[in-house]
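Opening my notebook on a new structure. I want to see how the chain is put together, then pick out a few spots.

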Amino acid sequence: MMVPVRCFTCGSVVGEHWEEFKERAREGDEDPAEVLDELGVERACCRRMLVSHKDLVDIVSPYQ
């Protein structure tokens with residue numbers, strides 16, 4: 001789960017791409033720029049949101 005769901009700059013929904021991006025780019029061996037191209041994230045502000053996001057949900061609520 002990505003919080004916030006929308007890009008701060010343009011307001012586009014970026015949260016829907018977070019899980020796939022995290023699995024493929026952060027934990028995998030794929031280049032983040034190529035993953036974002038394949039997901040259709042074109043705007044620089046949205047790309048920055050996904051690349052620079054730190055998932056705090058696991059830290060804030062460690063109990064499942």
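Predicted model: local features only at pLDDT ≥ 70, side-chain atom pairs only at ≥ 80, totals over all residues.

I started with contacts, meaning heavy atoms within 4.5 Å. Among those between residues at least 6 apart in sequence, 48% join residues at least 24 apart. Numbering runs from 1 along each chain as its sequence is written, and side-chain values use heavy atoms, with hydrogens and water left out.

Next I looked up the make-up of the chain. I found four helices and zero strands (DSSP runs, H or I of at least four residues for helices, E of at least two for strands, numbered from the N terminus).

Then I checked a helix pair. H2 (residues 32–39) and H3 (residues 44–52) pack at about 125 degrees, their axes 11 Å apart (axes are lines fitted to C-alpha atoms over the stretch in contact, and angles run from 0 to 180 degrees between N-to-C directions). I wrote down which residues touch: Ala 33, Leu 36 and Asp 37 from H2, with Arg 47, Leu 50 and Val 51 from H3.

Last, I went to Glu 30, which sits in the loop between H1 (18–26) and H2. Glu 30 touches Arg 24, Ala 25, Val 35 and Glu 38, leaving aside residues up to four places away in sequence. Its side chain makes a polar contact with that of Arg 24 at 3.0 Å (a pair of N or O atoms within 3.5 Å, one able to donate a hydrogen and the other to accept it within protein; residues adjacent in sequence count only if both atoms are side-chain atoms).
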